[in-house]
Amino acid sequence: MSLHRLFEWLADTPWSVELHESLWAYPIIESVHVLFLCLFLGLAVMFDLRLTGLSLRSMPVSKVYHRLLPWTQVGFVVMVLSGLLLLYGIPLRTYENIFFRIKAVLLVLAGLNVFVFHKGIYRSIAAWDDDPVPPARVRLAGYASMFLWASIVIAGRMIAYNWFDKTQNPSG
Amino acid sequence: MLLQFFTWIENTSVGEAIRGSLWLFPVIESFHLLALAVIGGAILIVDMRLFGVILPGQPVRQLARDAQPFLVGSLIVMLISGVLLFTSEATKCYDHDAFWVKMACLAAAILFTFTVKRRVTNAGDGGVNPRWNKIVAVVSVALWSGVGIGGRWIGFS
């Protein structure tokens, strides 16, 4: 089954139609998505600010990392779930939306960035844990993360605008 | 009287430019959202510390001091971008309950953050009864959440 067919099929499932047409469910899910943006991205940014030496300089990086991580994980799970629901409510139109596709690619890159950070840079933490301003490559990881997530937020917001919509009649 | 003022704002060249442009509103909205993430982090990290669920043992006073420039900076970006968004659809906001809920929450949140909460974080650990720390944290999160939810709701009509 092609991806297009999959989203077509999703759009025809009763719950998708229900979600799309509901007066309250969709706005509530969107509000949850935005609120948990603060929890997930807000704390992720605070950690990135520590990595770049722009804030929380007197705290060891490892401490900020371990204390913030569980909460960013909670925020991330809620963001993914609410995001998937939003996608499920408007599957086909979203799938065809260029900004959704850009966001999907950026999310993969952000995941890659996390992976590289864990498997690479973070291993040498003992050497710079207490540095008020960590070494250049650590700062770079922080800036890369902030740049990627900012792009993801912008792309996400743009999904709502259908300048390049293939279907000018948004119905699914 | 207020409606006249809102109508006037909407008809200023700024309001008309944003309304007439295909991409200005979304771009300003994006800045509004990016600042939301930063302000969310700056507020939550202190509130969660006050509540006792994050960074235990880290002096709350220092934490609040570190977060302060990002709180103020993102608040300024939010206010400027928010005013611009408002300018383009002032009369729609006037008729929308969510807008007034948001403004009430915003005024209360700003007032609370820069008076009560600041006093509590300045007092530092042991400065006030820990129970008060928790209450302040809950009130702060509730007020700012009201601003966020109210804001998202303006988009639904």
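Biologist: How many residue pairs are in polar contact across the interface of chain A and chain B?
Modeller: This is a predicted model, and across the interface of chain A and chain B the rule finds six residue pairs in polar contact, with both residues of a pair at pLDDT 80 or more. On the side of chain A that touches chain B, H3, helix H4 (61-89) and H8 of chain A each supply at least two residues, and H3(A) gives the most, with 15 residues.

Biologist: And how many residues of each chain are in contact?
Modeller: On the chain A side 34 residues are in contact with chain B, and they meet 33 residues of chain B. The two chains bury about 3000 Å² between them, with 78% of that area on carbon and sulfur atoms. Within chain A, the residues that lose the most area to chain B are A:Met59, A:Arg157 and A:Trp163, which together make up 17% of what that side buries.

Biologist: Which residue does A:Glu30 pair with, and how far apart are the closest N and O atoms?
Modeller: A:Glu30 forms its salt bridge with B:Arg152, and the closest N and O atoms are 3.4 Å apart. The pair crosses between chains, running from helix H3 (residues 25-51) of chain A, where A:Glu30 sits, to helix H7 (residues 130-154) of chain B, where B:Arg152 sits.

Biologist: Are those two buried or exposed?
Modeller: Both A:Glu30 and B:Arg152 are buried.

Biologist: What about B:Glu29, which residue does it bridge to?
Modeller: B:Glu29 forms a salt bridge with A:Arg157, with the closest N and O atoms 3.0 Å apart. This pair also crosses between chains, from B:Glu29 in helix H3 (residues 24-51) of chain B to A:Arg157 in helix H8 (residues 136-158) of chain A. Both B:Glu29 and A:Arg157 are buried, and A:Arg157 is one of the chain A residues that lose the most area to chain B.

Biologist: Why is B:Glu89 classed as buried?
Modeller: B:Glu89 counts as buried because its relative accessible area is 19%, and the cut-off for buried is under 20%.

Biologist: What kind of pair do B:Tyr94 and B:Trp100 form?
Modeller: The rings of B:Tyr94 and B:Trp100 are edge-to-face, with 6.0 Å from centre to centre and 80° between the planes. B:Tyr94 is partly exposed at a relative accessible area of 28%, and B:Trp100 is partly exposed at 34%.

Biologist: Which residues form the aromatic cluster with them?
Modeller: Along with B:Tyr94 and B:Trp100, the cluster is formed by B:Phe5, B:Phe6, B:Trp8, B:Phe86 and B:Phe99.

Biologist: Which ring does the charged end of B:Lys134 sit over?
Modeller: The charged end of B:Lys134 sits over the ring of B:Phe51, 5.2 Å from its centre. In chain A, A:Arg101 lies over the face of A:Tyr95, at 4.5 Å from the ring centre.

Biologist: Where is B:Phe51, and what does it touch?
Modeller: B:Phe51 has its place in helix H3 of chain B and is partly exposed, with a relative accessible area of 34%. Not counting residues up to four places away in sequence, B:Phe51 touches B:Lys134, B:Ala137 and B:Val138. Its C-alpha atom is separated by 24 Å from that of B:Ala104, a residue 53 residues apart from B:Phe51 along the chain.

Notes:
Residues are numbered from 1 along each chain as its sequence is written. Chains are lettered from A and ligands numbered from 1 in the order in which they are written. This is a predicted model: local features need pLDDT of at least 70, side-chain atom pairs count only at pLDDT 80 or more; totals for chains, interfaces and linings use all residues. Side-chain values use heavy atoms; hydrogens and water are left out. A salt bridge is a side-chain nitrogen of Lys or Arg within 4 Å of a carboxyl oxygen of Asp or Glu. Helices (H or I, at least four residues) and strands (E, at least two) are DSSP runs, numbered from the N terminus. Buried means under 20% relative accessible area, exposed over 50%, partly exposed in between (1.4 Å probe, protein chains only). Rings of Phe, Tyr and Trp (its six-membered ring) pair if their centres lie within 6.5 Å; planes under 30 degrees apart count as stacked, over 60 as edge-to-face and the rest as tilted. A charge sits over a ring if NZ of Lys or CZ of Arg is within 6 Å of the ring centre and within 35 degrees of the ring normal. Contact means heavy atoms within 4.5 Å. Buried area is the accessible area (1.4 Å probe) that two parts lose on being put together, summed over both. A polar contact is a pair of N or O atoms within 3.5 Å; within protein, one must be able to donate a hydrogen and the other to accept it, and residues adjacent in sequence count only if both atoms are side-chain atoms.
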